[in-house]
There are 2 protein chains.
Amino acid sequence: MAGYDQTLRPFLWRAERLHPAQEVVSRTHDGIVRNTYAEYGDRTRQLANALEDAGIEYGDRVGTFCWNHHRHAEAYFAVPNIGSQLHTINPLLPAEHIQYIVENAEDRLLFVDQSLLEPLEAAYDPEAFESVEQFVVMGESVPETDLEPVTDYESFIGAQTAEYEWPELDEESPAGMCYTSGTTGKPKGVEYTQQMLWSHTMMTLTPQGLGIAEDDVIMPVVPMFHVNAWGLPFSTTAAGAKHVYPGPSPDPADLVELIEEEGVTITAGVPTVWFGVLEYVEEHGADLSSLDQIVIGGSAAPESLIREFDDRGVEVVHAWGMTEMSPLGTVAHLKADLEDLPAEERYEKQAKQGLVVPGLEFKVVDDDGEEVEWDGEEFGELYVRGPWVTDSYFERPEANEADFEGSWLKTGDIVTVDEDGYVKIVDRAKDVIKSGGEWISSVELENAIMAHDDVSEATVIGAPHEKWQERPVAFVVPTADAELEEDELHDEIQAFVADDYPDWWTPDAVVRIDEVPKTATGKFDKKTLREEYETESLLEDE
Amino acid sequence: MAGYDQTLRPFLWRAERLHPAQEVVSRTHDGIVRNTYAEYGDRTRQLANALEDAGIEYGDRVGTFCWNHHRHAEAYFAVPNIGSQLHTINPLLPAEHIQYIVENAEDRLLFVDQSLLEPLEAAYDPEAFESVEQFVVMGESVPETDLEPVTDYESFIGAQTAEYEWPELDEESPAGMCYTSGTTGKPKGVEYTQQMLWSHTMMTLTPQGLGIAEDDVIMPVVPMFHVNAWGLPFSTTAAGAKHVYPGPSPDPADLVELIEEEGVTITAGVPTVWFGVLEYVEEHGADLSSLDQIVIGGSAAPESLIREFDDRGVEVVHAWGMTEMSPLGTVAHLKADLEDLPAEERYEKQAKQGLVVPGLEFKVVDDDGEEVEWDGEEFGELYVRGPWVTDSYFERPEANEADFEGSWLKTGDIVTVDEDGYVKIVDRAKDVIKSGGEWISSVELENAIMAHDDVSEATVIGAPHEKWQERPVAFVVPTADAELEEDELHDEIQAFVADDYPDWWTPDAVVRIDEVPKTATGKFDKKTLREEYETESLLEDE
């Protein structure tokens, strides 16, 4: 029986042999670089030889501190294929997180972009970086730097032969690693086995996943340090499709140019990117005719974005996932029997996080562990399990205790599922407000309040309450021209919410603030607010 | 790390939850039966309860002796999902093979179609069938039969509840079993684990595999006793697509009616079936507009078949696989850069066995174990390995020794690979003629000889030869109106072959016979010829 192990190696082999002339295109500081799969394969094997010469062995971790480009894509296959572990590091994290991550992962070698040398140097700490034996700067030369020993990538691989016999790896071999940039506590390391990455890759190719064919042209705008750019470098290679990497800090003009020049068919990134692109296109015009799909994840895409691209013939496909899930779990394809819905109803479906992909299982459970109805109303916490979902964090038994239950990953997302099976995130588990045995979505309440003309931003948190367990408190930033005193604001918001929601959703307190504090990734930082305000005391004033 | 186990269970769960109204359609003796996925799921769980009540446990084998219908499709999920092993038995095999298979597999329960009771009764042998504790006839009643104890399927599941908690299975759990109906020796059992079937299913969904979307309507004409109907019942469910089962002995009119009435988009079967359909369509006309793809496997589809369907807007997709491979390994999709080829050149590509699918690896090696060039000319034996390729036969160590080499399955197929990566089978390893260190394709030589106007059928085998190791001997059936003596035939064929092939390809002997002996599956039975004729002595006469 058995069946041979599931590893990434056959994907690269197939791409090279079946599609040797297919391209890996990369925008760099020095212009566009084009390699064929034949060249990509050769360079990847040169890199494998260089890594072995540098003493990298089975199970060792190799860190990358890089944007999206061809050299990073070479590391994506060379590092796991020799049996070592590709550890992508988010260069936007605070220095202390970077230190923690490098120390915790014990990276033996670090690839770093020229443009990211500065933040890496700023984060450098001899103790935390003790395991790092070699820095490799992604380029053809090494700028002035304190990091050492250091070499440039082209010298690193240049002296090596392109002959290399990939080892036969066990599918349980470690292949990748990525840390979740949690809003609370230290980042948690998630390790990916060969099998997890193989499974995720196969799923993304299916029409129920992203549906990637050999004549597709894939441009991941989502950074390659964010959960393997949602797996796209692996998927693109497995499909034999064309890679397009937008390089360091692409602006909307760069992205539009790449779409037009390279004929991009599928691209992916967070909503912010696409707002920028849309604005650019509206101002300057653009030929988006090659583009079939924009895959959006990271945070919710508003219906307006979906509509605007739909009007331009581009389908916005919402997807949801987590670092713990390699990352994709749901994709908001429109089901065949919903295609004739009026546009607004279609957009509503497409603005949800989507339909579970084949191979995964999920359940949505309430406080008592009971599964909720699929009615688009009841909500509970989303639990998932599947071949590309991890079952533990790296060296974090206390986090495992909290975030896993049997075979299930507790996602920490509070969701509804509608009759058609579309999952919609309504809150984070730690933010949902538990009032008198019922749950109030802080996100929904925030959106309701932000709909008020005098409100620029608002966030809502649950404050401890003796009788009700928790009650909502709203923090509101009025618009510049709003002329409301704090008391008036309070009454106005309460009345405004009461118009559309049950009484018990109305915030017990409304606090006027100048700005909502934000996390490193731009999300509302409720933790800081909770620390800053004694929320319980706010309620006592009521 | 880890990742949750790969099993079939989530495919059924997803289909039921996301597509409860999608249909499983089945042609039966009593007309068309329609179940929704909701009903299919319920009936599958009823069957699971019935199997447990019948004492079927983890690892037990459950045999099926059935055509393609909804009840068989229910067994496809119920049997593996409870941890037992679905053993599909080919009812067309000789009785002694059926006896051997049932005895070797130790089937504890046998599902049998009403229309197949007779061959099962004929094969019944108390000793070989000693392990069988229960017969279940697929239907609502039990006809007169000697088999016992026996019940009908609807009674078997009817008393059961549709509540059932599927167990959490390890991906290494046995899930399926199928015997290769080898032309030589006893059938060899191939076991499928949950992981093998999961992997194969995911691959079939990809555009590089068969590309199955939720709005597809899939009709497997390939029997469900032939390697899980090429995996289609699993794939269709995983995609959330509509199943159409053509039932017992469908004739071309039945198939065309199902295509028209049910809107079939993808169907699959051996070439013979499609010749029949084509003939029917030419005579009676038909609306094939729903049909996108006919997947053809089992034996080579001639270009004429591909052309005729192409003219009707239906793509014939050639695929190749083996029982040992769950079964698919290559699919002859036209590569994007070949789409503009002239029709004849396209057909030539499409008539090959195809491109390797993602996740598999292969190599083609000559007698010295060296890999041959991908030039469409050099040929060697095809070796494959991958997650859905077995690494051994059931209880057949001597066959394992012969058919596996390290992690590779030696397919026994002699192939060429062209510059574009298309694999083409030119012979079976046991039939290729090894002459003076070079190989002669017996199949190509047969086709060359059959192109002669006076030849109705021909087969070529290698006869032992002291100097050259082997030399070709042709067995020729002249056409009814051919007026050639054996001597003339000999000279004529030699001259005819010499026109197009090198000298050393010319058969050393040409034997006139009345009929080429055939195997149970209709292939030329060279084994019988080798036994019947002292081929070495034929050469001595030269």
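This is a predicted model: local features need pLDDT of at least 70, side-chain atom pairs count only at pLDDT 80 or more; totals for chains, interfaces and linings use all residues.
## Helices H1 and H2 of chain B

Two packed helices are described by the angle between their axes and the distance between the axes. In chain B, helix H1 (residues 9-18) packs against helix H2 (residues 37-53) at an angle of about 140°, and their axes lie 8 Å apart. This angle makes H1(B) oblique to H2(B), because only angles over 145 degrees count as roughly antiparallel. The crossing of H1(B) past H2(B) is left-handed.

H1(B) contributes Leu12(B), Ala15(B) and Glu16(B) to the contact. From H2(B) come Tyr37(B), Ala38(B), Tyr40(B), Gly41(B), Asp42(B), Thr44(B) and Arg45(B). Sorted by class, the contact of H1(B) with H2(B) holds five nonpolar, two polar and three charged residues.

## Helices H12 and H13 of chain B

H12(B) and H13(B) cross in a right-handed manner.

On the H12(B) side, the contact is made by Glu303(B), Ile306(B), Arg307(B), Asp310(B) and Asp311(B). On the H13(B) side, the residues are Glu344(B), Arg346(B), Tyr347(B), Glu348(B) and Gln350(B). The residues in the contact of H12(B) with H13(B) comprise two nonpolar, one polar and seven charged.

## Salt bridges at Lys242 of chain A

Side chains of opposite charge can pair when their charged atoms come close. Over all chains, a search of the whole structure finds 64 salt bridges. One of the pairs is Glu23(A) with Lys242(A), at 3.8 Å from N to O. This pair links distant parts of the chain, with Glu23(A) in strand E1 (residues 23-28) of chain A and Lys242(A) in strand E11 (residues 242-245) of chain A, 219 residues apart. Glu23(A) is partly exposed, with a relative accessible area of 23%, whereas Lys242(A) is buried at 12%.

Lys242(A) also forms a salt bridge with Glu262(A), in which the closest N and O atoms are 2.9 Å apart. Glu262(A) belongs to helix H10 (residues 252-262) of chain A and Lys242(A) to strand E11 of chain A, so this pair ties together parts that are 20 residues apart in sequence. Glu262(A) has a relative accessible area of 7% and is therefore buried.

## A salt bridge between chains, and a network

Arg9(B) and Glu361(A) form a salt bridge whose closest N and O atoms are 2.8 Å apart. Because Arg9(B) lies in helix H1 of chain B and Glu361(A) in strand E17 (residues 361-365) of chain A, the pair joins two chains. Arg9(B) counts as buried at 7% relative accessibility, and Glu361(A) likewise counts as buried at 6%.

A network of salt bridges links Lys430(A), Asp431(A), Glu446(A), Lys526(A) and Arg530(A).

## Surroundings of Trp13 of chain A

Trp13(A) is located in helix H1 (residues 9-18) of chain A. Apart from residues up to four places away in sequence, Trp13(A) touches Val356(B), Leu360(B), Glu361(B), Phe362(B) and Trp374(B). The C-alpha atoms of Trp13(A) and Ala38(A) are separated by 9.9 Å, and the two residues are 25 residues apart along the chain.

How values were computed. Residues are numbered from 1 along each chain as its sequence is written. Chains are lettered from A and ligands numbered from 1 in the order in which they are written. Side-chain values use heavy atoms; hydrogens and water are left out. Axes are lines fitted to C-alpha atoms, for helices over the stretch in contact, and angles run from 0 to 180 degrees between N-to-C directions. Helices (H or I, at least four residues) and strands (E, at least two) are DSSP runs, numbered from the N terminus. Angles under 35 degrees count as roughly parallel, over 145 as roughly antiparallel, 65 to 115 as roughly perpendicular and the rest as oblique. A crossing is left-handed if the near helix is turned anticlockwise from the far one by less than a right angle, and right-handed if clockwise. Contact means heavy atoms within 4.5 Å. Ala, Val, Leu, Ile, Met, Phe, Trp, Tyr, Cys and Pro count as nonpolar, Asp, Glu, Lys and Arg as charged, and the others, Gly among them, as polar. A salt bridge is a side-chain nitrogen of Lys or Arg within 4 Å of a carboxyl oxygen of Asp or Glu. Buried means under 20% relative accessible area, exposed over 50%, partly exposed in between (1.4 Å probe, protein chains only).
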